[in-house]
Structure formats: structure tokens, C-alpha cells
Amino acid sequence: MKSDFYTAIAQIAAERGIPREAVLTSVEHALKTVYKKMANSEEEVEVDIDSATGMMRVFVIKRVVDEIEDPINDILPQEAVLHTPDVRAGDVIRIEKTPDNFGRIAAQTAKQVVLQRIRDFERDTVYDEFSERQGEVINGIVQRADSRAVIVELGKAEAVMPAREQVPTERYRPGQRV
């Protein structure tokens with residue numbers, strides 16, 4: 001059974017025309033950001049989201065080394081054994097560090113980060129679509145017109161037609177196809 005969390009991600013992806021993986025990646029990125037802000041740390045972290053329950057878990061990634069060079073990302077073998085038995089220098093371990101109130105706080109903060117990443121993805125998608133069509137004549141519908149510019153709807157995007165690119169004798173009215 002899919003969780004409500006994954007259902008919501010699928011719905012957002014469908015509504016915005018974004019691949020589900022892109023939405024999920026942005027959620028994971030947002031949760032990493034939230035954890036780093038909550039823990040006030042620059043540790044390397046991974047976020048696992050259980051597909052069945054939607055439960056989020058945070059793991060700190062540490063390199064097992066004989067001599068610590070980077071205190072944030074390195075751990076000594078004698079300390080690593082407490083988290084993962086049978087570990088040697090050179091291994092990489094995952095230590096669970098999910099805060100107790102992570103779900104509620106993470107949801108509030110992650111929402112803003114996810115929405116921003118979705119807007120960025122949409123903007124990049126629209127830009128990519130129209131950047132390839134530069135120099136082409138495109139049909140659109142006039143939304144607004146004044147003496148300085150005409151705003152034309154082009155489907156997913158709006159375009160501005162400045163006065164210098166307009167036909168001087170032509171008048172533009174809202175709803176008119178140009």
C-alpha cells in the first residue's frame with residue numbers, strides 16, 4: 001500500500017507536469033537542508049523515506065579512519081564499532097540521527113524549500129522549451145495591451161512584446177490571437 005506521502009508527491013508531479021523523481025529529489029534535498037539547519041551542522045547526511053509508511057529517517061555519513069583529518073565527516077574505528085559492528089578503517093558507515101520532532105518541523109520548513117525547487121524546475125522547463133524556438137514565429141493570445149507592451153499567453157508561458165516589435169498601425173485587444 002502506498003503512503004499518503006507518495007500519493008501527494010505523485011499528485012504534485014501530475015499537476016505541475018514534473019517527473020515524480022524530481023519532486024522526490026527536491027523533498028529529500030529539503031529534508032537534508034532542514035536537518036543541517038536543526039542540527040547546526042555541516043555533516044554529510046542522507047535521508048531515507050519509507051515508501052510504505054512515508055516515515056523519514058536521517059543518516060549521517062562518516063568515513064572510518066585511523067587518524068581524523070576532518071572532524072565533521074571522519075570517525076575513529078573504536079567509535080564506529082558502537083554504531084556498526086565489524087567495521088574497519090576505510091569503510092563508510094551510516095549513523096541514524098533522526099531528531100525526535102523531525103517530522104513536524106521538517107514538514108513545515110521543507111514545504112517552502114520544495115515549492116521553491118518546483119518553481120525552479122518549472123521555470124527551467126519552460127525556458128528550455130522556448131530557448132530552442134528562438135527566432136520562430138509563435139501563436140499566442142493577447143492578455144493585456146498598453147502603449148508600452150503587449151502581454152501574450154503562449155500556453156505554459158507569457159511573453160512580452162515591446163512597442164518596438166509591434167506593428168505601428170495594429171491595435172491589440174485582450175483575447176485576440178496574434
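Biologist: Quick one to start. What share of the contacts with a separation of 6 or more comes from residues 24 or more positions apart?
Modeller: That share is 47% in this protein. Keep in mind that the model is predicted.

Biologist: Fine. How many helices and strands are there?
Modeller: There are four helices and seven strands.

Biologist: And what pattern do they follow along the sequence?
Modeller: Reading along the sequence gives α-α-β-β-β-α-β-α-β-β-β.

Biologist: Overall dimensions next. What radius of gyration does the protein have, and what would a compact globule have?
Modeller: The protein has 25 Å. A compact globule of 178 residues would be near 16 Å.

Biologist: What box do the C-alpha atoms fill?
Modeller: Roughly 80 × 40 × 25 Å, taken along the principal axes.

Biologist: How much of the chain counts as buried?
Modeller: 30% of the 178 residues. The accessible surface comes to about 12100 Å². Carbon and sulfur atoms hold 50% of that surface.

Biologist: Switching to charge. How many positive and negative side chains are there?
Modeller: 25 positive and 32 negative. The centres of the two sets lie 8 Å apart.

Biologist: Now strand β1. Which of its side chains are buried?
Modeller: β1 covers residues 45-49, and its side chains alternate. V45, V47 and I49 are buried and point to one face.

Biologist: Which sense does β1 take when it pairs with β2, parallel or antiparallel?
Modeller: Antiparallel, over five bridges. Strand β2 spans residues 56-64.

Biologist: Back to V47. What is its bridge partner in β2?
Modeller: V58 is the bridge partner of V47.

Biologist: On to the helices. Where is S26 found?
Modeller: S26 is in helix α2, residues 20-39.

Biologist: Is S26 buried or exposed, and why?
Modeller: S26 counts as buried because its relative accessibility is 2%, and the cut-off for buried is under 20%.

Biologist: What does S26 contact, leaving aside neighbours within four places in sequence?
Modeller: S26 is in contact with V114 and R117.

Biologist: One more residue, E15. Which helix is it in?
Modeller: E15 is found in helix α1, residues 4-16.

Biologist: Buried or exposed for E15, and why?
Modeller: E15 is exposed because its relative accessible area is 58%, and exposed means over 50%.

Biologist: How far apart are E15 and G155?
Modeller: In sequence, E15 and G155 are 140 residues apart. In space, they are 15 Å apart, C-alpha to C-alpha.

Terms used:
Residues are numbered from 1 along each chain as its sequence is written. This is a predicted model: local features need pLDDT of at least 70, side-chain atom pairs count only at pLDDT 80 or more; totals for chains, interfaces and linings use all residues. Side-chain values use heavy atoms; hydrogens and water are left out. Buried means under 20% relative accessible area, exposed over 50%, partly exposed in between (1.4 Å probe, protein chains only). Helices (H or I, at least four residues) and strands (E, at least two) are DSSP runs, numbered from the N terminus. Two strands pair if DSSP finds at least two bridges between them. The radius of gyration is taken over C-alpha atoms; the globule rule is 2.2 Å times the number of residues to the power 0.38. Contact means heavy atoms within 4.5 Å. Accessible areas come from the Shrake-Rupley method with a 1.4 Å probe; for residues, only the protein chains shown count as cover. Lys and Arg count as positive and Asp and Glu as negative; His and the chain ends are not counted. The place of a charge is taken as NZ of Lys, CZ of Arg, CG of Asp or CD of Glu.
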